[in-house]
Amino acid sequence: MTNKAVTKAQENMSKSIDVLRKELANIRAGKANASILSNVKVSYYGTDVPLNQVASINIPEARVLMITPYDQSSLDDIEHAINSSDLGLNPANDGKVIRLVIPQLTGERRQEIAKQVGKEAEESRIAVRNVRREAMDDLKKQLKANDVTEDEFHDIEDQVQKVTDKAIAQVDELAAAKEKEITEG
């Protein structure tokens, strides 16, 4: 028997894990990855638009991102957007494309990034636990209102715990994979 509380908890925990995936994708690991540019907004004819809507992003080499604008007149705007973003990368503009060389990470920087991954993972675990708490509160209200029996309550409580354990395991798995990617660089 699956209760609405379990289904809702599952959906919300999945959303928390999706947020973690996006956050981890934005963390630079010493390899070229187009997702590090996902938060870069370019001023294009007076409107801020995502970089991937005004240019194609390719990875010609392991540590190089090549940005080719669809409209050559936006090249300077793209360069400015990258410079003003908090990426710490220096764009090389040759008049046709922009190249971003991803620097090799130092041991110290790898440790800082690994800590950041740990922090993101912990925030995600907290979000999952908050969803669990909300589901349990909802379930207790249902028990009080006699919408579920005592036995159903315990069964659903076990289901919520299993969903929580599975979500926490996914968070740990994602964090471990990202940390491995960073340390092996």
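This is a predicted model: local features need pLDDT of at least 70, side-chain atom pairs count only at pLDDT 80 or more; totals for chains, interfaces and linings use all residues.
Where does E61 lie?

The domain assignment divides the protein chain into domain 1, made of residues 2-26 together with 105-182, and domain 2, which covers residues 32-99. Taken over C-alpha atoms, the centres of domain 1 and domain 2 are separated by 34 Å.

Now to E61, which lies in strand 3, the strand of residues 55-61. E61 has a relative accessibility of 52%, and because a residue over 50% counts as exposed, E61 is placed in that class. If you look for K31, which is 30 residues away from E61 along the chain, you will find that the C-alpha atoms of the two are 9.3 Å apart.

Let us turn to strand 1, residues 41-44, and strand 2, residues 47-50, which pair in the antiparallel sense over four bridges. Within this pair, V42 stands opposite V49 of strand 2. The two strands form a hairpin with two residues between them, and Y45, which sits in the turn, has a positive phi of about 55 degrees.

Next come the helices. Two packed helices are described by the angle between their axes and the distance between the axes. Helix 1, residues 4-25, packs with helix 3, residues 107-144, at an angle of about 170 degrees, and their axes are 9 Å apart. Because an angle over 145 degrees counts as roughly antiparallel, helix 1 and helix 3 are described in that way. Among the residues making this contact are A5, A9 and S16 of helix 1, and S124, A127 and V128 of helix 3. By class, the contact of helix 1 with helix 3 has twelve nonpolar, four polar and four charged residues.

Once its neighbours within four places in sequence are left aside, S16 is in contact with S124, A127 and V128.

Finally, helix 1 also meets helix 4, residues 150-184, where the axes come within 10 Å and cross at roughly 5 degrees. Because an angle under 35 degrees counts as roughly parallel, helix 1 and helix 4 are described as roughly parallel to each other. The contact includes V6, Q10 and R21 of helix 1, and I156, T164 and K178 of helix 4. The residues of this contact divide into twelve nonpolar, four polar and two charged.

Note on methods: Residues are numbered from 1 along each chain as its sequence is written. Side-chain values use heavy atoms; hydrogens and water are left out. Two strands pair if DSSP finds at least two bridges between them. Domain bounds come from an automatic or database domain assignment. Axes are lines fitted to C-alpha atoms, for helices over the stretch in contact, and angles run from 0 to 180 degrees between N-to-C directions. Angles under 35 degrees count as roughly parallel, over 145 as roughly antiparallel, 65 to 115 as roughly perpendicular and the rest as oblique. Contact means heavy atoms within 4.5 Å. Ala, Val, Leu, Ile, Met, Phe, Trp, Tyr, Cys and Pro count as nonpolar, Asp, Glu, Lys and Arg as charged, and the others, Gly among them, as polar. Buried means under 20% relative accessible area, exposed over 50%, partly exposed in between (1.4 Å probe, protein chains only).
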